[in-house]
Amino acid sequence: MIRILHICAAMNDGGVERMIMNYLSVVDRGQIQFDFVVHSTKVGFLEARAEKLGSKIYHVPAKSRHPFTYFRTMKRIYKEGGYDIVHCHQGHKSVYPLLIAKWCHIPVRIAHAHVNMNRKNGNILQRVFRYFEAYLTETCSTLLMACSSGAGKIWGEKHFTLIPDAIDLDKFSFSGEIRDKVRKEMSVDDNFVIGCVGRMVESKNHERLLQIMEKLQTSYPYAVLLLVGSGPLEGKLKESAAKRKLDKIIFAGSCENVAAYLNACDVFVLPTLTEGFGMAILEAQINGLETITSDVVPEEVLVSERIHTLSLTADDEEWVKAIVSTMGRPRGEVILNPKIDLYDIRVQADKLVGVYREALMGRGCDDIEQD
(Lines give C-alpha, C1' and ligand atoms only; values in the text may rest on other atoms or scores of the structure.)
Protein backbone atom coordinates (compact mmCIF):
# COMPACT_ATOMS: atom_id res chain seq x y z
CA MET A 1 0.00 0.00 0.00
CA ILE A 2 1.15 3.54 -0.80
CA ARG A 3 0.67 5.81 2.21
CA ILE A 4 0.14 9.48 1.28
CA LEU A 5 -0.16 12.38 3.69
CA HIS A 6 -2.00 15.40 2.28
CA ILE A 7 -1.27 18.72 3.95
CA CYS A 8 -3.80 21.53 3.67
CA ALA A 9 -5.12 24.50 5.63
CA ALA A 10 -8.37 22.87 6.74
CA MET A 11 -10.97 20.28 5.75
CA ASN A 12 -13.83 22.65 5.03
CA ASP A 13 -15.69 23.28 1.76
CA GLY A 14 -12.92 25.01 -0.19
CA GLY A 15 -12.00 23.94 -3.70
CA VAL A 16 -8.71 22.31 -2.65
CA GLU A 17 -10.33 20.13 -0.01
CA ARG A 18 -13.20 19.17 -2.32
CA MET A 19 -10.69 18.26 -5.02
CA ILE A 20 -8.76 15.94 -2.69
CA MET A 21 -12.00 14.34 -1.52
CA ASN A 22 -13.02 13.74 -5.14
CA TYR A 23 -9.80 11.77 -5.68
CA LEU A 24 -10.15 9.94 -2.35
CA SER A 25 -13.66 8.83 -3.32
CA VAL A 26 -12.52 6.91 -6.42
CA VAL A 27 -8.97 5.64 -5.77
CA ASP A 28 -8.49 2.02 -4.78
CA ARG A 29 -8.33 2.45 -1.02
CA GLY A 30 -6.99 -1.07 -0.68
CA GLN A 31 -3.86 0.13 -2.48
CA ILE A 32 -3.78 3.87 -1.67
CA GLN A 33 -4.10 5.43 1.78
CA PHE A 34 -4.91 9.14 2.05
CA ASP A 35 -4.38 10.81 5.45
CA PHE A 36 -4.54 14.53 6.22
CA VAL A 37 -2.73 17.20 8.22
CA VAL A 38 -4.77 20.35 8.78
CA HIS A 39 -3.46 23.61 10.21
CA SER A 40 -6.40 24.23 12.49
CA THR A 41 -7.75 23.06 15.82
CA LYS A 42 -11.31 23.16 14.48
CA VAL A 43 -12.95 20.06 13.07
CA GLY A 44 -13.63 20.68 9.39
CA PHE A 45 -16.83 20.05 7.50
CA LEU A 46 -15.35 17.24 5.39
CA GLU A 47 -13.50 15.37 8.14
CA ALA A 48 -16.30 12.93 8.99
CA ARG A 49 -16.58 11.87 5.34
CA ALA A 50 -12.80 11.43 5.04
CA GLU A 51 -12.66 9.31 8.19
CA LYS A 52 -15.56 7.20 6.91
CA LEU A 53 -13.42 6.49 3.84
CA GLY A 54 -10.58 5.30 6.08
CA SER A 55 -8.45 8.43 6.42
CA LYS A 56 -6.75 9.72 9.54
CA ILE A 57 -6.93 13.44 10.32
CA TYR A 58 -4.14 15.17 12.24
CA HIS A 59 -4.62 18.66 13.68
CA VAL A 60 -1.42 20.62 14.15
CA PRO A 61 -0.79 24.03 15.77
CA ALA A 62 -0.11 27.10 13.64
CA LYS A 63 3.58 27.15 12.77
CA SER A 64 3.71 30.95 13.03
CA ARG A 65 2.59 30.88 16.69
CA HIS A 66 4.13 27.62 17.90
CA PRO A 67 7.07 26.83 15.58
CA PHE A 68 8.82 24.32 17.86
CA THR A 69 5.63 22.48 18.74
CA TYR A 70 4.73 22.44 15.04
CA PHE A 71 8.11 20.96 14.13
CA ARG A 72 7.91 18.24 16.81
CA THR A 73 4.30 17.38 15.95
CA MET A 74 4.98 17.09 12.21
CA LYS A 75 8.10 15.02 12.80
CA ARG A 76 6.14 12.63 15.02
CA ILE A 77 3.33 12.30 12.44
CA TYR A 78 5.79 11.56 9.65
CA LYS A 79 7.69 8.96 11.67
CA GLU A 80 4.71 7.17 13.19
CA GLY A 81 2.70 7.18 9.96
CA GLY A 82 5.40 5.58 7.83
CA TYR A 83 4.39 7.74 4.87
CA ASP A 84 5.82 7.20 1.40
CA ILE A 85 4.61 10.54 0.05
CA VAL A 86 3.91 13.96 1.52
CA HIS A 87 1.61 15.91 -0.80
CA CYS A 88 1.44 19.55 0.29
CA HIS A 89 -1.30 21.79 -1.13
CA GLN A 90 0.08 25.15 0.01
CA GLY A 91 1.87 26.18 -3.17
CA HIS A 92 5.03 28.19 -2.64
CA LYS A 93 4.43 28.11 1.13
CA SER A 94 4.90 24.34 1.18
CA VAL A 95 8.53 24.72 2.24
CA TYR A 96 7.92 24.26 5.96
CA PRO A 97 6.21 20.82 5.99
CA LEU A 98 8.35 19.66 3.06
CA LEU A 99 11.58 20.64 4.80
CA ILE A 100 10.59 18.56 7.83
CA ALA A 101 9.61 15.71 5.48
CA LYS A 102 13.06 15.91 3.90
CA TRP A 103 14.71 15.69 7.31
CA CYS A 104 12.52 12.65 8.03
CA HIS A 105 13.66 11.03 4.76
CA ILE A 106 10.19 10.89 3.17
CA PRO A 107 11.11 9.71 -0.37
CA VAL A 108 8.51 11.68 -2.37
CA ARG A 109 7.70 15.28 -1.44
CA ILE A 110 5.14 17.12 -3.58
CA ALA A 111 4.38 20.86 -3.65
CA HIS A 112 1.01 21.54 -5.32
CA ALA A 113 -0.02 25.05 -6.44
CA HIS A 114 -3.75 25.86 -6.48
CA VAL A 115 -3.70 29.66 -6.80
CA ASN A 116 -2.69 31.93 -9.67
CA MET A 117 0.22 33.77 -8.10
CA ASN A 118 3.00 34.84 -10.44
CA ARG A 119 6.32 35.50 -8.72
CA LYS A 120 6.33 38.96 -10.31
CA ASN A 121 3.09 40.09 -8.63
CA GLY A 122 3.15 42.57 -5.74
CA ASN A 123 5.70 45.07 -4.49
CA ILE A 124 9.46 44.45 -4.38
CA LEU A 125 9.47 43.05 -0.85
CA GLN A 126 6.56 40.71 -1.60
CA ARG A 127 8.21 39.51 -4.80
CA VAL A 128 11.53 38.83 -3.06
CA PHE A 129 9.89 36.94 -0.22
CA ARG A 130 7.68 34.93 -2.61
CA TYR A 131 10.67 34.08 -4.78
CA PHE A 132 12.62 32.97 -1.72
CA GLU A 133 9.76 30.77 -0.44
CA ALA A 134 9.21 29.26 -3.89
CA TYR A 135 12.94 28.58 -4.24
CA LEU A 136 13.09 26.81 -0.87
CA THR A 137 9.92 24.85 -1.67
CA GLU A 138 11.43 23.68 -4.96
CA THR A 139 14.62 22.69 -3.13
CA CYS A 140 12.75 20.60 -0.57
CA SER A 141 10.35 18.95 -3.03
CA THR A 142 10.94 16.05 -5.40
CA LEU A 143 7.92 16.88 -7.59
CA LEU A 144 6.01 20.07 -8.40
CA MET A 145 2.33 20.13 -9.32
CA ALA A 146 -0.29 22.71 -10.31
CA CYS A 147 -4.04 22.66 -11.00
CA SER A 148 -3.64 24.88 -14.10
CA SER A 149 -0.97 26.47 -16.26
CA GLY A 150 -1.66 29.80 -14.52
CA ALA A 151 -1.16 28.34 -11.06
CA GLY A 152 2.04 26.69 -12.28
CA LYS A 153 3.61 30.09 -12.98
CA ILE A 154 4.71 30.25 -9.36
CA TRP A 155 7.28 27.58 -10.25
CA GLY A 156 8.92 29.89 -12.79
CA GLU A 157 10.80 27.89 -15.41
CA LYS A 158 10.63 24.67 -13.42
CA HIS A 159 8.79 21.65 -14.79
CA PHE A 160 5.56 20.74 -13.08
CA THR A 161 2.90 18.04 -13.38
CA LEU A 162 -0.57 19.26 -14.29
CA ILE A 163 -3.24 17.68 -12.07
CA PRO A 164 -6.65 19.25 -12.82
CA ASP A 165 -9.35 19.72 -10.20
CA ALA A 166 -11.36 16.83 -11.60
CA ILE A 167 -14.97 16.02 -10.66
CA ASP A 168 -17.58 13.28 -11.06
CA LEU A 169 -19.15 14.43 -14.32
CA ASP A 170 -22.26 12.27 -13.94
CA LYS A 171 -22.96 13.64 -10.46
CA PHE A 172 -23.24 17.20 -11.78
CA SER A 173 -25.42 16.55 -14.82
CA PHE A 174 -28.77 18.36 -14.69
CA SER A 175 -31.83 16.74 -13.09
CA GLY A 176 -35.24 18.35 -13.48
CA GLU A 177 -36.64 16.18 -10.70
CA ILE A 178 -34.01 17.35 -8.21
CA ARG A 179 -34.47 20.94 -9.39
CA ASP A 180 -38.19 20.89 -8.61
CA LYS A 181 -37.63 19.25 -5.23
CA VAL A 182 -34.95 21.70 -4.04
CA ARG A 183 -36.75 24.78 -5.33
CA LYS A 184 -39.89 23.69 -3.50
CA GLU A 185 -37.92 23.15 -0.30
CA MET A 186 -36.44 26.65 -0.57
CA SER A 187 -39.81 28.19 -1.57
CA VAL A 188 -38.39 29.71 -4.76
CA ASP A 189 -40.65 27.95 -7.30
CA ASP A 190 -41.51 31.19 -9.14
CA ASN A 191 -38.24 33.06 -8.63
CA PHE A 192 -35.20 33.63 -10.80
CA VAL A 193 -32.39 32.06 -8.77
CA ILE A 194 -28.82 33.34 -9.05
CA GLY A 195 -26.42 30.82 -7.59
CA CYS A 196 -22.90 31.16 -6.28
CA VAL A 197 -20.77 28.38 -4.79
CA GLY A 198 -17.56 29.28 -3.01
CA ARG A 199 -15.79 29.60 0.28
CA MET A 200 -16.56 32.95 1.86
CA VAL A 201 -13.12 34.52 1.66
CA GLU A 202 -11.96 37.79 0.15
CA SER A 203 -10.69 36.28 -3.11
CA LYS A 204 -14.18 35.06 -4.09
CA ASN A 205 -15.46 38.66 -4.01
CA HIS A 206 -18.89 37.96 -2.51
CA GLU A 207 -19.22 41.59 -1.46
CA ARG A 208 -19.18 42.64 -5.12
CA LEU A 209 -21.86 40.07 -5.82
CA LEU A 210 -24.06 41.60 -3.11
CA GLN A 211 -23.48 44.99 -4.70
CA ILE A 212 -24.55 43.63 -8.10
CA MET A 213 -27.57 41.94 -6.53
CA GLU A 214 -28.66 45.20 -4.89
CA LYS A 215 -28.83 46.88 -8.27
CA LEU A 216 -30.52 43.89 -9.93
CA GLN A 217 -33.32 43.72 -7.38
CA THR A 218 -34.44 47.28 -8.07
CA SER A 219 -35.76 46.14 -11.47
CA TYR A 220 -36.21 42.43 -10.82
CA PRO A 221 -37.58 42.03 -7.27
CA TYR A 222 -38.33 38.36 -7.89
CA ALA A 223 -34.61 37.57 -8.25
CA VAL A 224 -33.14 35.45 -5.43
CA LEU A 225 -29.46 35.06 -4.57
CA LEU A 226 -28.41 31.62 -3.32
CA LEU A 227 -24.99 31.46 -1.65
CA VAL A 228 -23.58 27.99 -1.03
CA GLY A 229 -20.54 27.80 1.20
CA SER A 230 -19.16 29.19 4.42
CA GLY A 231 -15.99 30.84 5.65
CA PRO A 232 -14.51 33.60 7.80
CA LEU A 233 -16.46 36.36 6.00
CA GLU A 234 -19.88 34.77 6.39
CA GLY A 235 -20.93 36.96 9.32
CA LYS A 236 -19.71 40.11 7.62
CA LEU A 237 -21.57 39.23 4.42
CA LYS A 238 -24.81 38.64 6.31
CA GLU A 239 -24.45 42.07 7.91
CA SER A 240 -23.77 43.62 4.51
CA ALA A 241 -26.84 41.92 3.01
CA ALA A 242 -28.99 43.29 5.85
CA LYS A 243 -27.63 46.83 5.38
CA ARG A 244 -28.35 46.62 1.66
CA LYS A 245 -31.88 45.38 2.49
CA LEU A 246 -31.40 42.25 0.41
CA ASP A 247 -34.31 40.23 1.72
CA LYS A 248 -34.22 37.69 -1.10
CA ILE A 249 -30.93 36.03 -0.26
CA ILE A 250 -30.37 32.49 0.98
CA PHE A 251 -27.23 31.57 2.90
CA ALA A 252 -27.24 27.79 2.42
CA GLY A 253 -23.96 27.21 4.28
CA SER A 254 -21.66 24.25 3.70
CA CYS A 255 -23.07 21.14 2.12
CA GLU A 256 -21.82 17.99 0.44
CA ASN A 257 -24.48 17.91 -2.27
CA VAL A 258 -23.53 21.04 -4.21
CA ALA A 259 -25.04 19.55 -7.38
CA ALA A 260 -28.55 19.67 -5.89
CA TYR A 261 -28.30 23.43 -5.37
CA LEU A 262 -26.89 23.96 -8.86
CA ASN A 263 -29.93 22.16 -10.27
CA ALA A 264 -32.14 24.67 -8.48
CA CYS A 265 -30.40 27.71 -10.00
CA ASP A 266 -31.12 29.62 -13.21
CA VAL A 267 -27.70 31.22 -13.59
CA PHE A 268 -24.34 30.96 -11.82
CA VAL A 269 -22.39 34.13 -11.00
CA LEU A 270 -18.94 34.42 -9.42
CA PRO A 271 -16.99 37.73 -9.72
CA THR A 272 -13.85 36.11 -8.34
CA LEU A 273 -10.70 38.21 -7.86
CA THR A 274 -8.33 35.33 -8.53
CA GLU A 275 -8.74 31.66 -9.36
CA GLY A 276 -6.21 28.86 -9.57
CA PHE A 277 -8.68 26.67 -11.44
CA GLY A 278 -12.33 27.24 -10.52
CA MET A 279 -13.98 23.94 -9.65
CA ALA A 280 -17.36 25.54 -8.93
CA ILE A 281 -17.27 27.22 -12.35
CA LEU A 282 -16.61 23.85 -13.98
CA GLU A 283 -19.42 22.19 -12.01
CA ALA A 284 -21.89 24.90 -13.01
CA GLN A 285 -21.15 24.39 -16.71
CA ILE A 286 -21.47 20.60 -16.42
CA ASN A 287 -24.87 21.23 -14.84
CA GLY A 288 -25.90 23.23 -17.92
CA LEU A 289 -26.06 26.60 -16.16
CA GLU A 290 -25.34 29.89 -17.88
CA THR A 291 -22.18 30.86 -16.03
CA ILE A 292 -20.94 34.42 -15.55
CA THR A 293 -17.54 35.01 -13.99
CA SER A 294 -14.61 37.41 -14.10
CA ASP A 295 -12.02 37.19 -16.85
CA VAL A 296 -9.26 36.21 -14.41
CA VAL A 297 -10.29 32.54 -14.47
CA PRO A 298 -7.87 30.19 -16.26
CA GLU A 299 -8.61 29.14 -19.80
CA GLU A 300 -8.72 25.49 -18.76
CA VAL A 301 -12.06 25.97 -16.99
CA LEU A 302 -13.82 27.39 -20.05
CA VAL A 303 -15.39 24.14 -21.24
CA SER A 304 -18.75 25.12 -22.75
CA GLU A 305 -20.62 27.75 -24.76
CA ARG A 306 -22.43 28.76 -21.57
CA ILE A 307 -19.46 30.46 -19.93
CA HIS A 308 -19.37 34.27 -20.08
CA THR A 309 -16.54 36.36 -18.66
CA LEU A 310 -16.55 40.02 -17.65
CA SER A 311 -13.78 42.33 -16.51
CA LEU A 312 -13.69 43.16 -12.83
CA THR A 313 -13.48 46.80 -13.94
CA ALA A 314 -16.88 46.51 -15.64
CA ASP A 315 -19.51 48.45 -13.69
CA ASP A 316 -22.42 46.82 -11.89
CA GLU A 317 -24.78 47.67 -14.75
CA GLU A 318 -22.77 45.49 -17.13
CA TRP A 319 -22.89 42.58 -14.71
CA VAL A 320 -26.64 43.09 -14.27
CA LYS A 321 -27.14 43.14 -18.06
CA ALA A 322 -25.20 39.90 -18.38
CA ILE A 323 -27.39 38.27 -15.74
CA VAL A 324 -30.63 39.59 -17.26
CA SER A 325 -29.60 38.34 -20.71
CA THR A 326 -29.77 34.76 -19.41
CA MET A 327 -33.37 35.07 -18.22
CA GLY A 328 -35.78 32.83 -20.09
CA ARG A 329 -33.12 30.73 -21.74
CA PRO A 330 -34.05 27.03 -21.68
CA ARG A 331 -31.74 24.77 -19.70
CA GLY A 332 -31.39 22.33 -22.56
CA GLU A 333 -28.46 20.03 -23.16
CA VAL A 334 -25.05 21.59 -22.62
CA ILE A 335 -22.42 21.25 -25.35
CA LEU A 336 -19.06 20.58 -23.74
CA ASN A 337 -15.63 20.89 -25.29
CA PRO A 338 -13.78 17.65 -26.11
CA LYS A 339 -11.24 18.51 -23.40
CA ILE A 340 -13.90 17.81 -20.76
CA ASP A 341 -12.39 14.33 -20.38
CA LEU A 342 -9.43 16.04 -18.71
CA TYR A 343 -11.71 16.73 -15.75
CA ASP A 344 -13.26 13.28 -15.39
CA ILE A 345 -12.27 12.22 -11.87
CA ARG A 346 -11.93 8.56 -12.76
CA VAL A 347 -9.53 9.28 -15.61
CA GLN A 348 -7.50 11.75 -13.58
CA ALA A 349 -7.42 9.54 -10.47
CA ASP A 350 -5.70 6.83 -12.51
CA LYS A 351 -3.23 9.42 -13.74
CA LEU A 352 -2.53 10.72 -10.23
CA VAL A 353 -1.93 7.22 -8.86
CA GLY A 354 0.38 6.63 -11.82
CA VAL A 355 2.31 9.79 -10.94
CA TYR A 356 2.64 8.61 -7.34
CA ARG A 357 3.91 5.19 -8.40
CA GLU A 358 6.37 6.60 -10.94
CA ALA A 359 7.69 9.10 -8.39
CA LEU A 360 8.28 6.32 -5.86
CA MET A 361 10.08 4.27 -8.50
CA GLY A 362 12.29 7.28 -9.26
CA ARG A 363 11.41 7.45 -12.95
CA GLY A 364 9.51 10.75 -12.87
CA CYS A 365 6.39 11.30 -14.93
CA ASP A 366 6.07 11.43 -18.71
CA ASP A 367 3.13 13.85 -18.51
CA ILE A 368 5.05 16.95 -17.50
CA GLU A 369 3.87 20.46 -18.24
CA GLN A 370 6.12 23.49 -18.40
CA ASP A 371 4.94 27.08 -18.46
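Colleague: Which residues in α10 are buried?
Modeller: M279, A280, I281, L282, E283, A284, Q285 and I286 are buried in α10, where buried means under 20% relative accessible area with a 1.4 Å probe, protein chains only. That is 8 of the 8 residues in the helix, which spans 279–286. This is a predicted model, with local features needing pLDDT of at least 70, side-chain atom pairs counting only at pLDDT 80 or more, and totals for chains, interfaces and linings using all residues. Residues are numbered from 1 along each chain as its sequence is written, and side-chain values use heavy atoms, leaving out hydrogens and water.

Colleague: What covers the buried residues of α10?
Modeller: The cover includes α1 (15–26), α9 (258–264) and the strands β8 (192–197), β11 (267–270), β12 (290–294) and β13 (307–310). Helices here are DSSP runs of H or I with at least four residues, and strands are E runs of at least two, numbered from the N terminus.

Colleague: And just after α10, which residue takes a positive phi?
Modeller: G288, at about 90°.

Colleague: Switching to N263 in α9. Buried or exposed?
Modeller: N263 counts as buried because its relative accessibility is 2%.

Colleague: Which side chain does the N263 side chain join in a polar contact?
Modeller: That of N287, at 3.0 Å. A polar contact is a pair of N or O atoms within 3.5 Å; within protein, one must be able to donate a hydrogen and the other to accept it, and residues adjacent in sequence count only if both atoms are side-chain atoms.

Note on methods
Buried < 20%, exposed > 50% of the residue type's maximum accessible area, 1.4 Å probe, protein only. Contact = heavy atoms within 4.5 Å.
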